[in-house]
Amino acid sequence: MSGSLRVVGLMSGTSYDAIDAAAADLTLDGDTLVLRPLGMISAVYDEELRAALAEALPPAGTTLAAVCRLDTRIGQAFAGAAVRADRELCGGRADLIASHGQTVYHWAEDGRVHGTLQIGEPAWIAEATGRPVVSGFRTRDVAAGGQGAPLVSIVDVMWLRGRPGVPVALNLGGIGNVTVAADGSSANGSSANGSSRGDALAFDTGPANALIDAAVRELTGAAYDAEGALAARGTVHRPLLRRLLDEPYYARPAPRTTGKELFHLPYLRAALAGFGPLRAADVVATLTRLTARTVADAIRPFGATEVIASGGGTRNPVLMKWLREELGDGVPLRTSEELGLPSAAKEAYAFAVLGWLTAHGLPGTVPSCTGARRPSVLGSITPGGPGLRLPEPLATAPARLTISATDNCVPFTGR
């Protein structure tokens, strides 16, 4: 075995409620990258920082002064999470930190992404940990003509390779995204026989938790629909659902990407206009059905033989039940835990893998998934302590990812 690194992956998604830090031992064994999970912690943003971030996000206006303060404070928050993860999960022996940062804007117009911005200055992480930091993963893919998302697609393709039929990886974060990893597709986007028919494909389906969370905060003051309790008490409002399903985004061809630049509270308020007062439970039920319907509609054309879900939405039993209904009996829906990856930590582990690839000089994108012209080595590297030591570059990327069971994995903690 070679190419071994102990990597901490840091992730804060479109729900911007906490920083997830997952640690992994990553070792190359032939053409297979072996991931041994070491555990995950979650560091909740303090209320003041979360409120300041919410006030600066689109469609709100902001100032460069506010962006500078947020970039600094979020970088410091990521640094704190990295220090804690290194100490608690790695015994102080992490080799590398891979930080996704906090997405604050994804500049998409007319089906094309022109730019993307993730904040959380990596220098704070490098200074606090003494470890090199890979960050800024999305921008290089955008510069190469890609959508900059979903970047986890290369991990999904490697992880699901060899499973029969057409497995689909689904992430239910603030925004839903899928990777269609047809059997025989390769990590560079070509099928085993060179045809495009086997190419992997990835895209954002639309809102997963984004509109549900926005409605719950607006109508009840709670942060989210815990255990799907509100949706379970509500009745789907069919006229509202039809209006929401008319959103043009759902008809765009893949690869496509979206975010809270589109699916935000004012968007929801506009959709509700003219219906008169609706019960909070009915609004949340309708939005939960919207997520289930749009995810299933996005997956159906590809003839999926299984759907493997991860992300916060998997903890909503109503959403999962309705998604099973929408997919139908012939498409089993399971969570990533069944394949060895904790659902709550999957994206943080994915960025640990992306950091490993960058550290070894290997591309971290699948062009057929992001729409880029070519695969790219992702991100920028911030040195940690004195000097910068990276592994020897590898000439060939691993083709597969396997999850190795571990007896000392630290369970999810922190929220």
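How many salt bridges does a search of the whole structure find? The search finds 17, where a salt bridge is a side-chain nitrogen of Lys or Arg within 4 Å of a carboxyl oxygen of Asp or Glu.

Before the details, a word on the basis. This is a predicted model, in which local features need pLDDT of at least 70 and side-chain atom pairs count only at pLDDT 80 or more, while totals for chains, interfaces and linings use all residues. Residues are numbered from 1 along each chain as its sequence is written, and side-chain values use heavy atoms, with hydrogens and water left out.

Let me begin with Glu88 and Arg84, whose closest N and O atoms are 3.0 Å apart in a salt bridge. The two are 4 residues apart in helix H2 (residues 64-90), and are therefore separated by about one helical turn. Helices here are DSSP runs of H or I with at least four residues, and strands are runs of E with at least two, numbered from the N terminus. Glu88 is partly exposed at a relative accessible area of 37%, and Arg84 is partly exposed at 24%. For these terms, buried means under 20% relative accessible area, exposed means over 50%, and partly exposed is in between, with a 1.4 Å probe and protein chains only.

In a second pair, Asp282 meets Arg279 at 2.8 Å, N to O. Asp282 is buried, at 16%, whereas Arg279 is partly exposed, at 47%.

Furthermore, Arg163, Glu306, Arg334 and Glu338 are joined into one network by salt bridges that share partners.

I turn now to the sheet. Five strands form an open, mixed sheet in the order E9-E8-E7-E10-E11; strands count as paired if DSSP finds at least two bridges between them. Its edge strands, E9 (201-207) and E11 (333-335), each pair on one side only. Within the sheet, E7 (residues 167-172) and E8 (residues 175-180) pair in the antiparallel sense over 5 bridges, and Leu172 stands opposite Gly176 in E8. Helix H10 (residues 280-299) packs on this sheet, touching E7, E8, E9 and E10 (306-310).

Which elements cover the buried residues of helix H6? They include E8, E9, H7 (229-233), H9 (265-272) and H10. Among the buried residues of H6 (residues 210-220) are Leu211, Ile212 and Asp213.

E2 pairs with E3 (residues 32-44) in the antiparallel sense over 12 bridges, and Ile19 stands opposite Ala43 in E3. Val7, in strand E1 (residues 2-12), is buried at 0% relative accessibility. Leaving aside neighbours within four places in sequence, Val7 is in contact (heavy atoms within 4.5 Å) with residues including Ala22, Leu26, Leu96 and Ala352.

Note on methods: Axes fitted to C-alpha atoms, helices over the stretch in contact; angles between N-to-C directions.
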